[in-house]
Amino acid sequence: PSHAYLFFGPRGVGKANAARAFAAALLTDGAPDPASAHARATRGAHPELTWVTPSGAHEMLLADIAEPVVRGATRTPLEGARRVFVIERVETMSEAVANSMLKTLEEPASFVHFILITSEPERVLPTISSRCQNVRFDPLPVLQIAGILERVGIESIRAKSCAALCGGDIELARELATD
C-alpha cells in the first residue's frame with residue numbers, strides 16, 4: 001500500500017467508513033492476533049490508529065497535527081507492523097498546519113500510512129494533495145438512496161424526492177425526509 005491516500009467525494013458517501021475499514025485491513029497485516037487487531041481498529045480502539053478531526057470551529061489547529069501526527073509518526077508500532085493516521089476535513093488545514101506535517105507526509109517511516117479525507121478537494125492545499133494517491137468516492141445513486149430511506153419507513157414518493165435533492169449524501173437525505 002501507498003504511504004498516503006486522499007479520499008475525496010461528496011459528504012455522506014462513506015469516505016470515513018471506507019477509511020476505517022482500510023485502516024483495519026492495514027493494521028491486521030502483520031498483527032500477532034489479526035482478528036483482535038481488526039476488531040479494535042474497526043471500533044477505533046487500536047493503539048496504532050490515530051484519528052484526527054479538526055478541533056477549531058472552521059479550521060484544523062496546529063495542535064491537532066503536531067503531537068498526534070507529526071510526533072506520532074516517528075514512534076514505532078507497539079504491536080503489528082504499521083501505524084495508520086486518518087485525518088478528516090483536511091481542507092481545513094491552514095498553510096502553517098500543512099507545512100508542519102509536510103516533511104512527515106513526504107518522507108514517512110516505512111510503517112506509516114496516511115488516509116486524508118475531504119468533501120472539498122479543490123480546497124486541499126496542493127502541497128498536501130500532490131503527495132497522496134487520490135481515491136474518488138462518487139455520489140450514491142438516487143434509487144439506492146431512495147431504497148435505503150424506504151427500508152426505514154419513509155414513504156416512496158418522499159424518499160425519491162429527498163434522494164433526488166440530496167446530491168448523493170445519504171445523511172442529508174435522511175435529514176430531508178424527517179419532519
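Let's call a residue buried when its relative accessible area is under 20%, exposed when it is over 50%, and partly exposed in between, using a 1.4 Å probe on protein chains only. Helices (H or I, at least four residues) and strands (E, at least two) are DSSP runs, numbered from the N terminus. This is a predicted model, so local features need pLDDT of at least 70 and side-chain atom pairs count only at pLDDT 80 or more, while totals for chains, interfaces and linings use all residues. Residues are numbered from 1 along each chain as its sequence is written, and side-chain values use heavy atoms, with hydrogens and water left out.

Start with strand 4. V112, F114, L116 and T118 point one way from it, H113, I115 and I117 point the other way, and every one of them is buried. In other words, strand 4 is mostly covered, with 7 of its 7 residues buried.

Now look at what lies alongside. Two strands count as paired if DSSP finds at least two bridges between them. Strand 1 (residues 4-8) pairs with strand 4 in the parallel sense over 5 bridges, and here F7 stands opposite I117. Strand 3 also runs parallel to strand 4, joined to it by 5 bridges, with V84 standing opposite H113 of strand 4. To get from strand 3 to strand 4 the chain passes through helix 4, making a right-handed β-α-β crossover. Right-handed means that, with the strands pointing away from the viewer, the path from the first strand over the helix to the second runs clockwise.

Next comes helix 3 (residues 62-71), where D64, I65 and V69 are buried. They sit on the same side of helix 3 because they cover an arc of only 70° around the axis, the arc being that of the directions from the helix axis to the C-beta atoms. The buried residues of this helix pack (contact means heavy atoms within 4.5 Å) against strand 2 (49-52), strand 3 (83-87), helix 4 (95-106) and strand 4 (112-118).

Two single residues are worth a stop. T92 is found in the loop between strand 3 and helix 4, and it is buried, with a relative accessible area of 7%. Its side chain reaches the backbone oxygen of R89 at 2.7 Å. Leaving aside neighbours within four places in sequence, T92 is in contact with P54, H58, E59 and M60.

The other is R40, in helix 2 (residues 34-43). R40 is buried too, at a relative accessible area of 19%. Not counting residues up to four places away in sequence, R40 touches A45, H46, P47 and E79.

How values were computed. A polar contact is a pair of N or O atoms within 3.5 Å; within protein, one must be able to donate a hydrogen and the other to accept it, and residues adjacent in sequence count only if both atoms are side-chain atoms.
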